[in-house]
Amino acid sequence: MTSLVLGLLCCIQPVSIHANGEFAAGLSPDQIALCRSAVVLAEARMGQIFPWLHTHSQPLVRFFPAGAPGGNASPWVGGIYHATDHRIDIQHVPVLVSQGRLEWTVQHEYVHAALALTGNARLPVWLEEGSAIYLSAQALDETDHSIKPARSIARLEAGFRTYGASRNQAAWIHLKTYNRQARSVVAALAERNGLEHFTGFLRTLKNGTPFSQALASWYSLAPDELSAWL
Ligand SMILES: [Zn+2]
């Protein structure tokens with residue numbers, strides 16, 4: 001999920017299909033070119049980070065000038081990954097472009113797509129989101145400290161579960177804090193033994209290994225020790 005300001009949701013069907021995406025009416029040629037290069041970049045970067053995915057098909061990426069059809073995505077959110085048909089919808093493209101968020105929004109959703117193809121088990125939400133934020137080099141709001149940080153990994157996970165499904169501004173403000181926390185734990189893990197080691201850890205989890213067992217075998221850490229990094 002990515003945050004951005006406003007935009008009412010509406011329904012526009014995509015009308016033009018190109019090799020690197022599907023573009024709804026209302027996007028300018030310049031915007032379409034930026035979207036297409038964002039997809040090329042995301043495919044290249046995520047192909048490096050998740051090299052075993054080369055044998056899988058790339059997700060379909062659809063771009064919309066306003067809200068993606070379906071209408072159930074929060075207007076605060078720039079991108080949505082749909083695992084059911086391996087599709088990424090990027091909405092409010094002109095806003096993303098003007099705020100310099102298009103490239104990492106596409107990459108963030110590619111991380112979700114890559115993780116979905118890696119295995120069927122679910123990651124903790126903080127780890128899934130923290131990975132998408134960290135691996136896409138997403139810019140976060142570093143200035144809003146109105147919400148107290150979670151003091152344990154369990155509370156961080158509970159925070160994501162409580163506010164991740166909401167679509168109001170209060171939830172969005174809570175997630176600013178939790179996103180920063182999730183990114184910092186992921187960064188600490190990824191920088192401890194390198195990215196390849198970290199994605200190996202994720203892969204083990206996606207194959208169904210319990211979290212504490214995977215954390216012990218890849219990092220010699222107990223879940224409680226991660227809380228100290230918050
Ligand atoms: Zn996300």
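In this predicted model, the axes of helix 4 (residues 125–135) and helix 6 (residues 169–193) come within 8 Å and cross at roughly 75 degrees, where axes are lines fitted to C-alpha atoms over the stretch in contact, and angles run from 0 to 180 degrees between N-to-C directions. Helices are DSSP runs (H or I, at least four residues) numbered from the N terminus. Helix 4 and helix 6 are therefore roughly perpendicular to each other, a term that covers angles of 65 to 115 degrees.

Residues are numbered from 1 along each chain as its sequence is written. Local features need pLDDT of at least 70, side-chain atom pairs count only at pLDDT 80 or more, and totals for chains, interfaces and linings use all residues.

| Helix | Residues in the contact |
|---|---|
| Helix 4 | Trp 126, Leu 127, Glu 129, Gly 130, Ser 131, Ile 133, Tyr 134 |
| Helix 6 | Asn 179, Ala 182, Arg 183, Val 185, Val 186, Ala 187, Ala 190 |

Ala 42 lies in helix 1 (residues 29–49) and is buried, with 27 other C-beta atoms within 10 Å, the cut-off for buried being 20 or more such atoms. Leaving aside neighbours within four places in sequence, Ala 42 is in contact with Val 106, Gln 107 and Tyr 110. The C-alpha atoms of Ala 42 and Thr 105 are separated by 9.6 Å, although these residues are 63 residues apart along the chain.

Phe 63, not counting residues up to four places away in sequence, touches Gly 21, Phe 23, Ala 24, Leu 27, Cys 35, Ile 90 and Val 93.

How values were computed. Helix = DSSP H or I, 4+ residues; strand = E, 2+ residues; numbered from the N terminus. Parallel < 35°, antiparallel > 145°, perpendicular 65-115°, else oblique. Contact = placed C-beta atoms within 7 Å. Buried ≥ 20, exposed ≤ 12 C-beta atoms within 10 Å, placed from the backbone.
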